[in-house]
Structures are given as C-alpha cells and as structure tokens.
Amino acid sequence: MNGLEELQKLLDKEKMAPVGKDLSLVMQKKLKKSGIYFRIFARVKEAESVYRKLEWKKQEYLEKNKKLQDVVGLRIVLYYMDDIPVCKEMLRHTFTIIEKDSHEDIPKVNEFNPLRMNYVCRMPKEFVDRFPKELWENYRIDQTFEVQIRTTFSEGWHEVDHDVRYKHKEEWEQHYELSRELNGIYATLEICDRSMVNLLERLAYRNYKSMQIEAMIRNKFRLRFANSAISVPLLEFLQKDQELVKTLYRLEREEPIRFFASDLSDGIPLTIDNMVFVCNELCIERKDLEDRTPMIIREKTEKWKQRRKEQEKTSINMKKEVDTEFFL
C-alpha cells in the first residue's frame, strides 16, 4: 500500500474536483432534455477518505480481488419518486452500468428499510485519462464511478444516516430499538414522497374537471417546460372536445417523457403545445389533432415508435434465450 502523502498529490483537490463536475454534466444534459425536476451533485473522493477506505477494506479487497469503485460519485436527487424509472433508463443509455456491483433494493411488504439505488458505472476513457496514471497502477482503485439516485425527502435522511449511523456502526449495535426508530423516520419520508405525487395528481384531476387545461398538463406531467403557457389556438381546439381532454388526463406520462429525453427530441422544445402533440402521436392518435402537429414531431415520433418496437423485440428475444437456457 502506498502512502497517504503520495495519494494526496495524485488526488489534488483543486485539480480533480472539476473531473467530477464535468462527469456530472454528461448526465445533467440528458436529465434537462427530459424536463424532470432534479438536482445533481458530484464529488471526487478526498485522498484521506480514499486511504481510510482502502485500509479499512484491505483484507476484503485482497480476498475477493476487488477494488475501490467510487473514487468519483454522482448523486441525482429527484423531486418526484415516479421519475425514478425514467432517470434509471437515461442512466443506462448514458453510461455502462456494472450490474453485479450495483445495488437496487426491492421494497419488502412487511417492513420499511432504506432503499439503495446505487449504480457502479464504467468511467469513460476521456475521464480516466484526466487522473494520474499512477492512481490506477499503484492503488486498488477501479476505473469506475458510482451514481446514487434519491428523492428530495430520502436525500436528507440518507445524509443523516450516513454521518450518524453508518460511520459509527459500533455505537448503534446495542440499540436495536433506536435503529429501528431511525428506519421508521425513513418510512414517514417515503409516505411523504408518495403523498406529494398523489397531491399533484389530485390537483390535476380538479384542473381536468374544471377544464383548466394548461394547469392540468403542468400538474400531471410535472416538468420544467420551456414555455408553460398553452397557445390560444390549441387551447380553443381542446376546449371544444372534453373527451380528448379526458384522454390526455388519463394517459401515462412516462412514454412522452422518455421521448423528450431521447436524441430524437432534438429540435423540439419542451412546451405544453409540443407535449400535447407528442402525446397524441405516441398514445392517442387523433387525426384532427395530428393535422395540427408540426411535421418534425410527426416524423420523429414515428421513428421513436419504430425504435421502441425494436427494443421490445430485442428484450423478448433475450428473455427467451435466458428462459431456454434455464430450463435446459
């Protein structure tokens, strides 16, 4: 094991901090395209922290032939919990996730525990090259980085838990009931997450019932629209067709958001008008609304539908291969 002094030179804070920030910008650009509300944080682990972890896990790393995988860490904090699936999909399309080293906890029906959504990703070569090569050669540090996904409510709890309990496990070992109580606070915050989405869904329903179409779309989709005002011609068109407005209110929000997050949405601003047009092309298919839709949206949503079909075929074929191999 090389010394702390050398590690401090290799992980000079001023030189290395921009690496984490620049890596976060790659993901930030994707998230911004989707319109979902988020904040993203990045850090390059300080030399002292790396050294302590390498010493602490020295035996485990040697026995299992493992390396430290979170020299760079990103944390994505989402405002709404139902944006998690979209965020995870964007992450998978942006970086290579090492599945065996990642952790995605499955909620248990009969108990509340903090849920981890931590993904270990391969660091792109251009970022690997920005670190001194001695870091990779002289230390058990992998050319990977970690991405954590949280919600605004769970983020605060995880911060407290990390500093109070995780770093001082021995202090909590004899106090099971207090540790359980701390988990109970997390359970309350998870309910807050669900309640926030539910509240805005109820508000969107009231907007729909009173035909406040612009507000209904804002509260249903909960996105950072480039223009959150609906155009007068489109508003007048929708006001004449309550059944169409009802269909807009009832459709699932994920597919249109995925479209806007993709490269196919380039050149299509995320406005309320364009969201209505995209929803129609992907989910509703009303001819009278299609006639009002800009050609660029019609062409790119058609490509999107073809892409999704190909992805579904690939997914089905992969599943068949896995199932066949399993039964054999």
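In what order do the five strands of the open sheet lie?

**View 1. The open sheet of five strands.** The order is β1-β2-β5-β4-β3, with mixed pairing; two strands pair if DSSP finds at least two bridges between them. Helices (H or I, at least four residues) and strands (E, at least two) are DSSP runs, numbered from the N terminus. β1 (38-44) and β3 (103-104) are the edge strands, each pairing on one side only. The model is predicted: local features need pLDDT of at least 70, side-chain atom pairs count only at pLDDT 80 or more, and totals for chains, interfaces and linings use all residues. Residues are numbered from 1 along each chain as its sequence is written, and side-chain values use heavy atoms, with hydrogens and water left out.

**View 2. Strands β2 and β5.** β2 (residues 72-78) and β5 run parallel and are joined by six bridges. G73 stands opposite E146 in β5.

**View 3. Helices α2 and α5 on the sheet.** Helix α2 (residues 13-34) touches β1, β2 and β5 (contact: heavy atoms within 4.5 Å). Its direction makes about 155 degrees with that of β1; axes are lines fitted to C-alpha atoms, for helices over the stretch in contact, and angles run from 0 to 180 degrees between N-to-C directions. α5 touches β2, β3, β4 (117-122) and β5, and its direction makes about 15 degrees with that of β4.

**View 4. Helix α10 in the lining of the second largest pocket.** α10 supplies four residues, the largest share of this lining. α5 (84-94), β5 (144-151), α8 (152-164) and α10 (176-209) each supply at least two.
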